[in-house]
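Grab the model and work through these exercises one at a time. Each has a task, then a solution in steps.

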Amino acid sequence: AYKGIPLAAGVAAALARRAPHLPISYAYNRKEAKDHGEGGDLVGAPLIGKRVLLVDDVISAGTAIRESAKILTRAQATLVAACVALDRQEATGGKDIPTGPRISAVAAAASELAVPVFSILTLSNLLAYLQSQNTDLKSHVAAVQAYRDNYGAL
């Protein structure tokens, strides 16, 4: 949750610069709800009746996005979309998925939450970048490929 503070503030600042006519505000969730002071799960702007973009740093199985969506529902906000900085392109359930079609965590979250889920960067993008480097970064290619082979939806 604490890494969410600069992420939420940065996204809100960028949106405010691009759309100065829109009232942009932000809130972030706490690791644990407080029962004193201002209390609750969230810190920041009130969300009652607001249309909300959920922002997260990474999506693996989609658990954090689903939990955040529940917090937003309790706060009486309307989730309109989600954006993640890095989509690990994991299949829901990881390597323990029974036989059948593998669906990505992003696709599963979008379907379950009935909102679009956007990714800034994917594991495939990261892998392509690593492969294109003639530096020590290239040494990570095998590990990233093994991760994708084990958990990936592709």
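**Exercise 1.** Find which residues Ser-25 is in contact with, leaving aside its neighbours within four places in sequence.

*Solution.* Start with the cut-off: contact means heavy atoms within 4.5 Å. With that, Ser-25 picks up Ala-12, Ala-45 and Lys-50. Helices (H or I, at least four residues) and strands (E, at least two) are DSSP runs, numbered from the N terminus. Then check a distance: Ala-13 is 12 residues away in sequence, and the C-alpha atoms of the pair are 8.7 Å apart.

Before going on, a word on the ground rules: this is a predicted model, where local features need pLDDT of at least 70 and side-chain atom pairs count only at pLDDT 80 or more, while totals for chains, interfaces and linings use all residues. Residues are numbered from 1 along each chain as its sequence is written, and side-chain values use heavy atoms, with hydrogens and water left out.

**Exercise 2.** Is Ser-25 buried, exposed or partly exposed?

*Solution.* Buried means under 20% relative accessible area, exposed over 50%, and partly exposed in between (1.4 Å probe, protein chains only). Ser-25 counts as partly exposed because its relative accessibility is 43%.

**Exercise 3.** Work out where confidence is lowest and where it is highest in the protein.

*Solution.* The score is pLDDT, the predictor's confidence in each residue, from 0 to 100. Overall, the protein has a mean of 85, with 86% of its residues at 70 or more. By element, strand 1 is the lowest at a mean of 72, and strand 4 (residues 78–87) is the highest at 94. Keep in mind that where pLDDT is low, predicted coordinates should not be read in detail.

**Exercise 4.** Which residues of the largest nonpolar core touch the most other members?

*Solution.* A nonpolar core is a set of buried Ala, Val, Leu, Ile, Met, Phe, Trp, Tyr and Cys residues joined through side-chain atoms within 4.5 Å. The largest one has 18 residues, and Ile-65, Leu-72 and Leu-79 touch the most other members. Strand 3 (51–59), helix 2 (63–74), strand 4 and helix 3 (105–113) each give two or more residues to this core. Helix 3 gives the most, with four. Now zoom in on Ile-65: beyond residues up to four places away in sequence, its partners include Leu-54, Val-84 and Leu-113. Finally, a second, separate core of five residues includes Leu-123, Leu-127, Leu-130 and Val-141.
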